[in-house]
Amino acid sequence: MPFIPVIGFLGTDYMKIRDDFKVVKDPYSGEDYVVVPPIIPDVAVIHGLKGDRSGGVTVLGARNDRLLATAARKTIAVVEELVEPGEVLPGLQEVYVAPVHIDAVVVAPGGAHPTECPGRYEIDAGHIMTYLTAAKDEASFQNYLETYITGPADHEAYLKKVGFRTPDAT
Amino acid sequence: MGTKFTIQELIVSRAAKELKDREFVVIGQGIAMAAGVLARRTHAPNSVILTEAGLLGIDPFKVPLHIADPTCTRGFTYSCDMIDIFTTVLNQGYVDVTFLGVGQIDRFGNMNSSYLGEPGNYTTRMTGAGGAPEFIGYAGRAILTMSGGTFVEKLDYFTSPGYLEGGDSRYAAGMPEGSGPSVLITTRGVFKFDETSKEMYLAGLHPGVTVDEIRAEVPWDLKIADRLETTPAPTEEEIAILRSFAPDITMGRKLQLEVVMKQVINLLSKGA
């Protein structure tokens, strides 16, 4: 899509600070509309529930992960579970994202930590507070990165470091 | 004496009453979501809450942290993406009501939720627009709440359209007939908009608040309704719902602690 029309921005101060928002005439009705350019991410990372080797994945809830995957040049799907092709069927309240939109599937149970994966694990509010506190200054942020991101050898080591437990583990 | 309640609980309870049963209402987070859920659990059980992120018919079990919080996935009946929400849902006229929190407001209900001060040199950066300009532009009506915000002659930044210059100017600019802010609920009172001039007037006072206190906050010569409503205190039922759904938002930490302590003491005395 080259651009999309949006309504509601006409006359607001957004038009003063956003050079990329333009006003065009609707060729059909003759009305003025604000149009906005597309955001084309180089890479999108989405979190899914199930994925297979062909790149099909299911995600929970709204269709925005699918929207991201279709917008980005490359999309990496981090999934909770690897399943056989043909078993990536979206359940009730899940959305299927087709392999054509996915470039890599990473199997990482707990991959949404510290945010939640409804039905599997809760948000880790304590860890988010740790992050927010650490992000306040450069030194503590570097310390956070070393402790949780660059320090742990792999995803499992990270989960161990943050004390992650799946419902099964408890 | 009834249960002690907070000003936030009063605002939420008053805002909830603005929602009618079977309405489609788009809600973000915080006070607005608490009001929507309260309405659904009391007088408007068939109203449909939708989120900007693309879920319709949600029944969240706690106040979402953001518009795409998976908390919102409980109970949803239809899932789409943001483009659908702003095109096939909003622009087709399916949204009856939008709730919005306000930072600054002028006499015609135009709103700032972006910057205090100059955009390039601001003193406070607020949450910004999100989908507010479009929702407030095209929803059937808007229910506004303001706690901590201010009334101004001129907005520091024009984020979302109210009634523009008043009168018919909003509709002349292309927004749907009859749309616009219907009510503003602040920490002190309730404001509505004149049917013809579209100027804001004082319609009601919260318990214990005087007209003079309100006038002191408003920089223009505020018109006052002939009969002022007094905001009813939230009922026991409403307080119970709010405290189980959104204790941190509606009670504040201090009262939350007091109530929890009271419960603990009750439990202990029963055990003894």
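Student: Which domains does the domain assignment of chain A give?

Tutor: In this predicted model, the assignment divides chain A into domain 1 (4-36), domain 2 (40-107) and domain 3 (116-170). The centres of domain 2 and domain 3 of chain A, taken over C-alpha atoms, are separated by 23 Å.

Student: Why is Leu164(B) called buried?

Tutor: A residue is buried if 20 or more other C-beta atoms lie within 10 Å of its own. Leu164(B) has 21 other C-beta atoms within 10 Å, and therefore counts as buried. Leu164(B) is found in the loop between strand 11 (150-151) and helix 5 (169-172) of chain B.

Student: What makes Lys198(B) buried?

Tutor: The cut-off is again 20 or more. Lys198(B) has 22 C-beta neighbours inside 10 Å, so Lys198(B) is buried. Its place is the loop between strand 13 (189-193) and strand 14 (200-205) of chain B.

Student: What is the phi of Leu164(B), and what is that of Lys198(B)?

Tutor: Most residues other than glycine have a negative phi. Leu164(B) is not a glycine, yet has a positive phi of about 50°; Lys198(B), also not a glycine, has a positive phi of about 65°.

Student: Which residues does a cis peptide bond join, and what is omega?

Tutor: The cis bond joins His113(A) and Pro114(A), with omega about 10°. Pro114(A) lies in the loop between strand 8 and helix 3 (125-134) of chain A.

Student: How many residues does the contact take from each chain?

Tutor: Chain B gives 27 residues and chain A gives 22. Helix 4 of chain B provides the largest share of the chain B side, 4 residues.

Notes. Residues numbered from 1 in each chain as written. Chains lettered and ligands numbered in written order. Predicted model: local features only at pLDDT ≥ 70, side-chain atom pairs only at ≥ 80, totals over all residues. Contact = placed C-beta atoms within 7 Å. Helix = DSSP H or I, 4+ residues; strand = E, 2+ residues; numbered from the N terminus. Domains from an automatic or database assignment. Buried ≥ 20, exposed ≤ 12 C-beta atoms within 10 Å, placed from the backbone.
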